[in-house]
Amino acid sequence: MKKYGFGVDIGGTTCKIGLFETTGQLVEKWEVPTDTQEAGKNILPDVAASLKGKMQERGIPKEEVEGIGIGIPGPVQADGSVAVCVNLGWKNINVPKELEPLMDGIPVKAGNDANVAALGEMWQGGGKGCKSLIMVTLGTGVGGGIIIDEQIVPGTHGAGGEIGHIVVNPHEKIACNCGRKGCLEQYCSATGIVRLAKEFLAEEHGPSLLDDVQEISAKAVFDTYKENDALAGKIVEKFARILGRALSSFACVTDPEVFVIGGGVSKAGTPLIDVVNKYYKEAAFSSCTDTKFALASLGNDAGMYGCARLILE
């Protein structure tokens, strides 16, 4: 194994880049703008220029670089092909074939950004020490990534880990952003929690700290929940019951060692983990009831770590 590797997490605004030792130690991280003009044709050349500049700055020859891992905000096939990535303007591009010549033949691997974030958390984050996990990202939507025996499960169409779009309520009348109705994301994302809160607030209820909150947010719900507010308790319990039961179904399919919970909602911390775990245990298959729950610990760097880990597979 060579000494260094790069992890590049490409987002719609910036590319987060990390220089790593292949032991997992982050040496340095920085960002470059993501140029999405002209169908994103300059993105990979810009990344290559930044990587080669850093190698020159630090005196790192290409012979000491194991490879470059790239995270893409869209479906990625096993060979690194991307049929379409709306956020970047890409269509029908093979990332390794495009980037390797620009990097003088240094090997390149590419993966979906949510999947590589899960890989990063397994490698150096909340799932460190485990070989199989499901990462659940509770943000504006609900994302995820599945790792089995230290390998990403991307699925045939690159949709492995799209756990936010499992249907948990067939009676839902409102459509999810994906076009279907009753998706997990509609109840357990930050926006889903706000929706639940507004539904409860519209009903008759006793005094609640939430009545004095000008702008309802998932954070406000969990903050008042921690203060033992009765209404917030009902909202959180409904959220946790939906998520816990969904995770119990996922466990029957992959039987992970740990569920790693990340995203903005995870900042609620241990109280969130505890209440979700309660409902998970109630619904889980007997062999899976002791699956661990952990908070993600790498934050926005998880994808960058996972990209670096890609090259070690």
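## Aromatic pairs

A search of the whole structure finds 8 aromatic pairs. Rings of Phe, Tyr and Trp (its six-membered ring) pair if their centres lie within 6.5 Å; planes under 30 degrees apart count as stacked, over 60 as edge-to-face and the rest as tilted. The model is predicted: local features need pLDDT of at least 70, side-chain atom pairs count only at pLDDT 80 or more, and totals for chains, interfaces and linings use all residues. Residues are numbered from 1 along each chain as its sequence is written, and side-chain values use heavy atoms, with hydrogens and water left out.

Phe222 and Tyr225 form an edge-to-face pair, because their ring centres are 6.1 Å apart and their planes stand at 80 degrees. The two residues are 3 apart in helix α7, which separates them by about one helical turn. Helices (H or I, at least four residues) and strands (E, at least two) are DSSP runs, numbered from the N terminus. Both Phe222 and Tyr225 are buried. Buried means under 20% relative accessible area, exposed over 50%, and partly exposed in between (1.4 Å probe, protein chains only).

Phe259 and Phe293 make a tilted pair, with ring centres 5.2 Å apart and planes at 35 degrees. Phe259 lies in strand β11 and Phe293 in strand β12 (residues 292-295), so the pair ties together parts that are 34 residues apart in sequence. Phe259 is buried, at a relative accessible area of 0%. Phe293 is buried too, at 14%. Elsewhere, ring pairs link Phe20, Trp123 and Tyr305 into a cluster.

## Nonpolar cores

The largest nonpolar core has 46 residues. Such a core is a set of buried Ala, Val, Leu, Ile, Met, Phe, Trp, Tyr and Cys residues joined through side-chain atoms within 4.5 Å. Phe222, Ile235, Phe239, Leu247, Leu272 and Val276 have the most contacts inside this core. Two or more residues each come from β8 (133-138), β9 (142-148), α5 (185-188), α6 (190-202), α7 (218-226), α8 (230-254), β11 (258-262) and α9 (270-283). Helix α8 gives the most, with 12 residues. In soluble globular proteins, nonpolar side chains tend to be buried together.

Leu272 touches Phe222, Phe239, Ile261, Val265 and Ser266, leaving out residues up to four places away in sequence. Contact means heavy atoms within 4.5 Å. Another core, of 32 residues, lies apart from the largest one; Val8, Leu19, Ile70 and Val82 are among its residues.

## Packing of α7 on α8

The axes of α7 and α8 come within 8 Å and cross at roughly 115 degrees. Axes are lines fitted to C-alpha atoms, for helices over the stretch in contact, and angles run from 0 to 180 degrees between N-to-C directions. The crossing of α7 past α8 is left-handed. That term applies if the near helix is turned anticlockwise from the far one by less than a right angle; clockwise is right-handed.

From α7, the contact uses Val221, Phe222, Thr224 and Tyr225. From α8, Ala232, Gly233, Ile235, Val236, Glu237 and Phe239 take part. By class, this contact has 7 nonpolar, 2 polar and 1 charged residues. Ala, Val, Leu, Ile, Met, Phe, Trp, Tyr, Cys and Pro count as nonpolar, Asp, Glu, Lys and Arg as charged, and the others, Gly among them, as polar.

## Positive phi in loops

Most residues other than glycine have a negative phi. Asp104 has a positive phi, near 60 degrees. Asp104 sits in the loop between α3 (95-102) and β7 (108-112). Its relative accessible area is 43%, so Asp104 is partly exposed.

Asp149 also has a positive phi, near 50 degrees. Its place is the loop between β9 and β10 (151-152). Asp149 is exposed, at 56% relative accessible area.

## Other sites

Glu185 lies in helix α5 and is buried, with a relative accessible area of 13%. Beyond four places in sequence, Glu185 touches Gly141, Val142, Gly164, His165, Cys176, Asn177 and Gly192. The C-alpha atoms of Glu185 and Ser286 are separated by 26 Å.

Ala284 lies in the loop between α9 and β12. Ala284 counts as buried at 13% relative accessibility. Leaving aside neighbours within four places in sequence, Ala284 is in contact with Ser248 and Thr289. Pro170, in the loop between β10 and α5, is exposed at 67% relative accessible area. Pro170 and Cys183 are 13 residues apart in sequence and 8.7 Å apart in space, C-alpha to C-alpha.
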